[in-house]
Amino acid sequence: MSKGVLVDVTRCIGCRSCQVSCKSWNDLPAKLGTFSNNWDSPGKTSADTWTNVNYYVIEDGDNLKWRFVKRQCMHCNEPACESACFTHSFVKTKEGAVIYKPTELNKDYCVGCRYCMIACPFGIPGFQWDKAFPYVQKCRFCYDRMKEEGLEPACVTSCPTGALKFGDRKELLAEAWDRINKNPRYVKGVYGEKEYGGTSWLYISDVPFDKIGFRTEAFGKPVTQRSIPSLTWDVLKWTPYLFFGWGAILTIMRAYTKRHAEVHDESELYEPVDNK
Amino acid sequence: MQKGRNWTFRMTGFRKLLILLVVIAVCAALYRFVFGLGSVTNLSDEWPWGLWIGFDLLCGIALAGGGFSTALIVHVLHKDKYLPIARAALLTSLIGYIISMVSLFLDIGRWFNFWRPFFYWGFHSVLFEVFWCISLYTTVQVLEFGEIFFEKIKCPGLEKVLHAMLPFLLILGIVLPSLHQSSLGSLYIVAVDRLYPLWWSQIIPFFFVWSAFFLGPAMVTVEGTLAARAYGREPETPVFSSLTKVTLVMLIIYLIVKIADLVYRGVLSMAFNGSFESNMFLIEMIVFIILPIIMYATPSIRNKQGGVLTASILVVAGVVFNRMNVVFTGMADAMGGSYFPSIWEWLCTLGMWSFLVLAYCFVVENFPILPKEEHVHSGGHSHGAGFHA
C-alpha cells in the first residue's frame, strides 16, 4: 500500500507550480531570492522550502537541452533519518511518507542534534537556524492530505503537464519501466528503484541522471544499493555481545592478576599539590 | 597529608585570563540559548555539525581516553608501576567528559528535550548508544572520583557503600567507554558515499576505539609533563617511557589494520591520487602514526623526557587530526558549501578548555591526585617505597 510519485523529467517545463502549491498548502514563509547565474530559486531545499526545481542546460552536440528537476524528500523505503534518530522523531508511515513527528503528530521528542542531516544521503532535512527552539523540517509527502482526505500531494495536484504522478509505488515502478521500454529516448533506469534500498519517489529521464544533479556514483563506484539503516545495524547489533563479553573478559583478567598484585593503601600514595 | 585543610586556589595572571575566557564563553552560551544557533554559529544545512561537535565532543571524548586505558592497565591488569598516573588520568577524563556533555548541550537545538532519549528507545540509532554510554560513564567516573573525594571530605556511610560498588564500577568504567568510543566512529557509517573512502569503513568503530585507547598513555604523558612543569615537580619520565610500549604495539596494529582495510575495500590507490583528501590522509599516516612508531621504537628517544613528550604530542595531535579529517576533510566534498567556525564558536570552545585547565588545577591542589613527592616523608612512606614495591 506504500504510495509513491513518479517524476518524468521529460515532461517537466520548470513552471514551479509545485513550489508555489507546496508553500501555500504547508503555510511556509516566503523568502526574497537572490540573483544567481541560473534560474534556480531559491536553489535548494531548506526548512522553509520543502521542494525546489533545479534547472540544467545540457549541451548535446549543437543542441541545448533544458531540463528541470523537482527535488524534495525522496521518502526512502528504509529512511536513514529514521534510523539515525535516537528519539524516534522520524517515522516511515505505512502510506510511504517519512514524517517528522514533533510537527506532524505533535510529539515533541526531538533534541535538535541534527544527526538526521548527517545521515540523509540526499541532504534533505533543513534546520530552523534562526529560531531559538528550532525544528528539523522537510517535505512530508502531504501526509495530512493523504491520510485524512485521500488526496494526492499538493505539488502533484498543481502540476500542469503530468510530470508528477501519484500512486502505488509498485504500480508506478511498473509504469516507469513501461514508459522506458516503449520509448528509446529514456535512460534505461529508474532513479529511486534501488538507490539506498529504494525510495518512494521515482525519477525517469532522457538525459543521464548524473547530468541533472542525481548522485549515481560516489568516489568512482555506483552508489550504495543497500539501505543505510541495514549498514548501521550490521555494526550496532554486536553491542550487547560486546558489553557482556568484554565485561566478562575484564572481570576474569582482573581476578587473575589480582592474586599477584600487592595491596596498596591508595590514601597513602597521593597528596594535594602544594602550590605556593 | 594535611587532611581537612581549607580550600585553596592561588590566583595568578594566567588564571585570571582563563577565568575571563570562561566568563566570555558563558555569556556567548546564554546568548545562543536565547537567540538560537543561527545567531552565534556559522552552521548551515550543508554543515549541520561544526566545531562544537567535531572538536569539543569528538576530540574531547577521544582525549579523555586516558581514563579508560589507564584504568585497564592499572586496575584490571594491576600494573602497579603506573599507579602514580592513575588518578590524574581519571581526573582529566572526568573533566573532559563533563566538557563534552556541556558542548553537546550547547549544540543541540531543542536542549530542553535533552533527557528524552532516555525514555524513547531509539536503539537502532548509534547516537542512542553514544548518549547512554556517555551519560552512564560520566556518572561512573563521578562515583569513582568519590573515593578520592571522601579522602578529604569524611562521610563514612557513603564511603562504605561506594567502596562496595567500586569493583563493579571499575569494570563498567572500561566497558562503557570502549562501547561509545567505537560508536562515535559508527556514527559515520551512515555517511556512506559521503565520507571519503580513506576514512569511511564498516570498521571505523574499531579505528575510533583503538585510537582512543592508544591515545590514553600519550595524553597522560603530555598532561603529566605539563602539570609537572606548572608545579615545579619532576615528571614521571620512567613511567611515561615504559607506557610507550603499549602505545607502540597498538600504533603498529592500527597501521596494519588500516592498510589491510584499504586494500580489502580496494581504495588504497586513493591515498596517492594527489587530491586534498589523499594528502591529508598521508600526513595523518606518516606524521602522526609512522613517525611516532619510529620515535617510540628508538630507546634513545623514548627514554628522554623531551623525546617521549614530542612523540606523545604527535600521537595526541594525530588523533585530533584524524577526527578533524573525518568530520571536515572527508565530508567537505559531499556536503558542499563552506564552513569556518564563527568567533563565538571559537570563544565558547576556548572557554570550555580554559575551564578544564582551571578545574584540573583546583582539584589537584585540593585533593590527593598527584603522587607524593620523593622528598616528602610522611608516616615512614616514601615515594619509592610506595610505587616501586
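Reply:

**The cysteine site and its surroundings**

Not counting residues up to four places away in sequence, A:Cys73 touches A:Val98, A:Ile124, A:Lys138 and A:Cys139. Please keep in mind that this is a predicted model. A:Cys73 itself sits in the loop between β3 (63-71) and α2 of chain A. Is that position buried or exposed? A:Cys73 is buried, because 25 other C-beta atoms lie within 10 Å, and 20 or more is the cut-off for that label.

Let's bring in the partners. An unreviewed UniProt entry lists A:Cys73, A:Cys76, A:Cys81 and A:Cys120 under "binding site". These four are spread over 48 residues of sequence, yet they cluster in space, with a largest C-alpha distance of 10.9 Å.

A:Cys120 is found in the loop between α4 and β6 of chain A. A:Cys120 also counts as buried, because it has 25 C-beta neighbours inside 10 Å. Leaving aside neighbours within four places in sequence, A:Cys120 is in contact with A:Ala80, A:Cys81 and A:Pro125.

In total, 62 residues of chain A are in contact with 63 residues of chain B. Which element gives the most? That is α9(A), with 11 residues. By residue type, the side of chain A that touches chain B divides into 37 nonpolar, 15 polar and 10 charged.

β12(A) and strand β1 (residues 370-371) of chain B pair in the antiparallel sense over 2 bridges. Within that pairing, A:Tyr270 stands opposite B:Pro371 in β1(B).

Finally, a few words on chain B as a whole. Its secondary structure comes to 14 helices and 1 strand. The radius of gyration of chain B is 21 Å, close to the 21 Å that the globule rule gives for 389 residues, so chain B is as compact as a globular protein of that length. The C-alpha trace of chain B spans about 65 × 55 × 45 Å along its principal axes, and buried residues make up 50% of the chain. Among chain B contacts between residues at least 6 apart in sequence, 79% join residues at least 24 apart.

How values were computed: Residues numbered from 1 in each chain as written. Chains lettered and ligands numbered in written order. Predicted model: local features only at pLDDT ≥ 70, side-chain atom pairs only at ≥ 80, totals over all residues. Helix = DSSP H or I, 4+ residues; strand = E, 2+ residues; numbered from the N terminus. Rg over C-alpha atoms; globule rule 2.2 N^0.38 Å. Buried ≥ 20, exposed ≤ 12 C-beta atoms within 10 Å, placed from the backbone. Contact = placed C-beta atoms within 7 Å. Nonpolar A, V, L, I, M, F, W, Y, C, P; charged D, E, K, R; others polar. Pairing = 2+ DSSP bridges. UniProt positions renumbered as here; feature names shortened; annotations may be inferred.
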